[in-house]
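Subject: Structure handover

Hello,

Here is the structure for your files. My notes on it follow below.

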Amino acid sequence: MDPEALAYQEQVAKACGVALDKRILAFNVEPPTASRHDLKTSWSRPLRNPNSITQRRIKTEPERILDAPGLLDDYYLNLLDWSSTNVLAVALQDGVYLWNGNTGDTIRLCDNNRESNSTYISSLQWAPDGSHLAVGRSEGDVEIWSLESHKKMRTMRGRASRVGVLSWDRNVLSSGARDGSIWNHDVRSANHRTGMLMAHESDVCGLKWRPDGLFLASGGNDNQVVIWDARSSVPKITKTEHTAAVKALAWCPWQLNTLASGGGSHDRMVHIWNVATGGKSASVDTGSQVTSIQWSKTYKEFTTSHGAPHNHISIWKYPSLTKIGDLEGHESRVLHTAISPDGQTIATGAATDESLKFWKIWENRTKDAGAKRGKAAEDELVDAYKRLAIR
């Protein structure tokens with residue numbers, strides 16, 4: 001480079017403040033510190049499942065306690081039911097009492113006015129619309145009482161065996177007796193008995209119509225679970241896996257082909273049956289005598305009530321049958337349960353401590369939304385099965 005060019009470069013470098021013996025760009029200078037977290041570190045943490053639901057807290061103390069003096073201590077009786085109009089009925093030694101969940105008022109509907117002290121009320125069940133209460137007697141009679149007038153509308157006679165359990169399907173009332181028979185009564189007809197079902201060898205203590213009226217489930221002291229088609233007097237399915245009396249029966253309200261059954265003190269099992277296939281889908285050993293089962297209308301859960309040795313209420317997830325928890329509060333075996341019409345509260349009854357306790361287990365996720373979704377889903381399923389049924 002000639003002297004003139006070199007002199008020119010020096011003048012330009014001096015004007016720009018750059019030394020000629022150094023590069024303008026340097027690649028060995030440390031980069032600036034990052035202002036954000038390293039992406040690899042941030043995304044290496046496990047992500048929360050977007051479908052996961054935070055486990056809710058269930059109250060372990062009853063919300064309400066009512067006195068129930070004279071509640072009979074008999075596993076084979078069914079003495080508690082809650083109507084669709086929010087009226088709880090309980091049979092005590094001296095008669096049937098009604099507690100209005102809307103007003104809190106209590107009245108006595110009927111007395112146990114019988115000549116012999118050995119007679120008693122052995123079962124009761126509300127009609128689906130809550131307008132009438134069916135009452136079974138130890139001597140075999142079945143009575144129909146009006147909620148509006150508080151008067152007896154009729155007495156259906158004809159059998160001489162204790163009626164321990166009742167179940168409605170619209171205008172048909174089914175009754176299970178100690179002799180192992182099940183009668184179907186049309187409450188509108190003078191000749192009320194429209195059918196008789198015979199499969200059990202002894203006391204029928206569990207009886208439930210499926211919500212759509214296509215099937216009737218029965219359980220007995222012969223350890224059997226029997227499924228009856230409404231169009232036949234011959235058993236559709238008979239199950240003998242239980243090793244003790246089967247009183248606890250419940251149809252899943254949002255999965256109509258699913259039936260849960262629970263066995264007595266020498267069995268302690270809950271079995272889940274698929275009526276469509278006739279098979280057993282799951283089982284769990286509860287560790288205690290099972291006296292009742294109640295399905296939630298809005299959660300995939302159910303409760304079981306128990307006798308010896310634990311005398312508590314258990315809450316279970318479905319279909320995993322994982323136990324969520326136990327509710328303890330009764331001093332003796334919990335023989336009777338009923339679910340409120342909104343599906344949130346379970347009422348339980350025990351004879352020795354002579355009390356009814358109310359447990360709020362399935363609180364709606366949003367006000368009224370859960371119950372409405374559950375009711376809509378149940379109605380949709382029932383309508384679908386009715387359309388598919390061939391009578």
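In which strand does A347 lie? A347 is part of strand β27, residues 345-350. Please keep in mind that this is a predicted model. With a relative accessible area of 0%, A347 falls under the 20% cut-off and is therefore buried. Setting aside neighbours within four places in sequence, A347 has contacts with L80, W82, L88, H336, T337, A338, K357 and F358. R64 is 283 residues away from A347 in sequence, but the C-alpha to C-alpha distance between them is 9.2 Å.

V96 touches V90, A91, I107, R108, L109, C110, I121, L124, L133 and V135, if residues up to four places away in sequence are not counted. As background, nonpolar side chains in soluble globular proteins tend to be buried together.

Aromatic rings

The count of aromatic pairs is eight. One of them is W295 with Y318: the ring centres are 5.2 Å apart and the planes are at 80°, over the 60 degrees required, so this pair is edge-to-face. The pair links distant parts of the chain, as W295 is in strand β22 (residues 290-295) and Y318 is in the loop between β24 (313-317) and β25 (323-327), 23 residues apart. Both W295 and Y318 are buried. Ring pairs also join W295 and Y318 with W254 and F302 in a cluster.

Two charged side chains lie over ring faces. R210 is over the face of W251, 5.8 Å from the ring centre. K247 is over the face of Y75, at 5.5 Å from the ring centre.

Strands β16 (residues 225-229) and β17 (residues 235-239) pair in the antiparallel sense, over four bridges. V225 has K239 of β17 as its bridge partner.

Regards

How values were computed: Residues numbered from 1 in each chain as written. Predicted model: local features only at pLDDT ≥ 70, side-chain atom pairs only at ≥ 80, totals over all residues. Heavy atoms only, no water. Phe/Tyr/Trp six-rings, centres within 6.5 Å; stacked < 30°, edge-to-face > 60°. Helix = DSSP H or I, 4+ residues; strand = E, 2+ residues; numbered from the N terminus. Buried < 20%, exposed > 50% of the residue type's maximum accessible area, 1.4 Å probe, protein only. Lys NZ or Arg CZ within 6 Å of the ring centre and 35° of its normal. Pairing = 2+ DSSP bridges. Contact = heavy atoms within 4.5 Å.
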